[in-house]
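This report goes through a few places in one structure, starting with a single residue and ending with the ligand. Please keep the sequence and the 3D view open while reading.

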Amino acid sequence: MEDCLFCKMVNGEITPDKVYEDDQVLAFRDINPQAPVHVLIVPKRHIATLNDLQPEDRETMGSLFIAAKKVAEQEGVAERGYRTLINCNREGGQVVFHVHLHLVGGRPMGWPPG
Ligand code: AMP
Ligand code: ZN
């Protein structure tokens, strides 16, 4: 996808602060961290929002969570705990329209989210 920030990171046009990569996903630090650990995990294939998911995206979406587990271990928050979330569209708070799983941790998380 032209003009998609996260596609540019996947194809190397922009260099993110990478923390993990495999054949399905790329994970990098959020530029505006909301917690001591704030990593974004994105599918390498462009999917705009959760509303655009197709049955063939099952494996890719599962890969986001397998990667999250690895990143949490790598970042030292697996045992104490962390949060994963995906924002969808305007009221969900999505501003980058390439699906991404936020992994936040390193401090207690509040509930409900604002
Ligand atoms: P969302 O609001 O769920 O769409 O999340 C988008 C996230 O992307 C925000 O947390 C931003 O801080 C983050 N972000 C925007 N630009 C960059 C960038 N160049 N590198 C890393 N993270 C970014
Ligand atoms: Zn994209």
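Thr49 is buried, with a relative accessible area of 6%. Here buried means under 20% relative accessible area, exposed means over 50%, and partly exposed is in between, with a 1.4 Å probe and only the protein chains counted. Thr49 sits in the loop that runs between strand S3 (37-43) and helix H2 (58-75). Helices (H or I, at least four residues) and strands (E, at least two) are DSSP runs, numbered from the N terminus. A polar atom of the Thr49 side chain is 2.9 Å from the backbone nitrogen of Asn51. A polar contact is a pair of N or O atoms within 3.5 Å; within protein, one must be able to donate a hydrogen and the other to accept it, and residues adjacent in sequence count only if both atoms are side-chain atoms.

The model is predicted: local features need pLDDT of at least 70, side-chain atom pairs count only at pLDDT 80 or more, and totals for chains, interfaces and linings use all residues. Residues are numbered from 1 along each chain as its sequence is written, chains are lettered from A and ligands numbered from 1 in the order in which they are written, and side-chain values use heavy atoms, with hydrogens and water left out.

Ala67 is part of helix H2 and is buried, at a relative accessible area of 1%. Gln74 also belongs to helix H2, but Gln74 counts as partly exposed, at 46% relative accessibility.

The loop between S2 and S3 holds Gln34 and Pro36. Gln34 is partly exposed at 46% relative accessibility, while Pro36 is exposed, with a relative accessible area of 62%. A polar atom of the Gln34 side chain lies 2.9 Å from the backbone oxygen of Asn32.

| Pair | Apart in sequence | C-alpha to C-alpha |
|---|---|---|
| Pro36 and Tyr82 | 46 residues | 11 Å |
| Gln74 and Val19 | 55 residues | 8.6 Å |
| Gln34 and Gly105 | 71 residues | 8.9 Å |
| Ala67 and Leu50 | 17 residues | 18 Å |

**Backbone features**

Most residues other than glycine have a negative phi, and most peptide bonds are trans. Asn89 is not a glycine, yet has a positive phi of about 60°. Asn89 lies in helix H3 (residues 89-92) and is partly exposed, with a relative accessible area of 31%. The peptide bond that joins Trp111 and Pro112 is cis, with omega about 0°. Pro112 is found in the segment after strand S5 (101-105).

**The ligand**

Which residues are the closest to ligand 1? They are Asp30, Gly93, Val95, His100 and His102, and 16 residues surround the ligand in total. A residue is near a molecule if one of its heavy atoms lies within 4 Å of it.

An oxygen atom of ligand 1 is 2.5 Å from a polar side-chain atom of Asp30. For Gly93, a polar backbone atom is 2.7 Å from an oxygen atom of the ligand. For His100, a polar side-chain atom is 2.8 Å from an oxygen atom of the ligand. Ligand 1 taken alone exposes 500 Å², and the protein buries 81% of that. These accessible areas come from the Shrake-Rupley method with a 1.4 Å probe; for residues, only the protein chains shown count as cover.

The elements that give two or more residues to the shell around ligand 1 are helix H1 (5-10) and strand S2 (25-29). H1 gives the most, with three residues. By type, the shell divides into eight nonpolar, six polar and two charged residues. Ala, Val, Leu, Ile, Met, Phe, Trp, Tyr, Cys and Pro count as nonpolar, Asp, Glu, Lys and Arg as charged, and the others, Gly among them, as polar.
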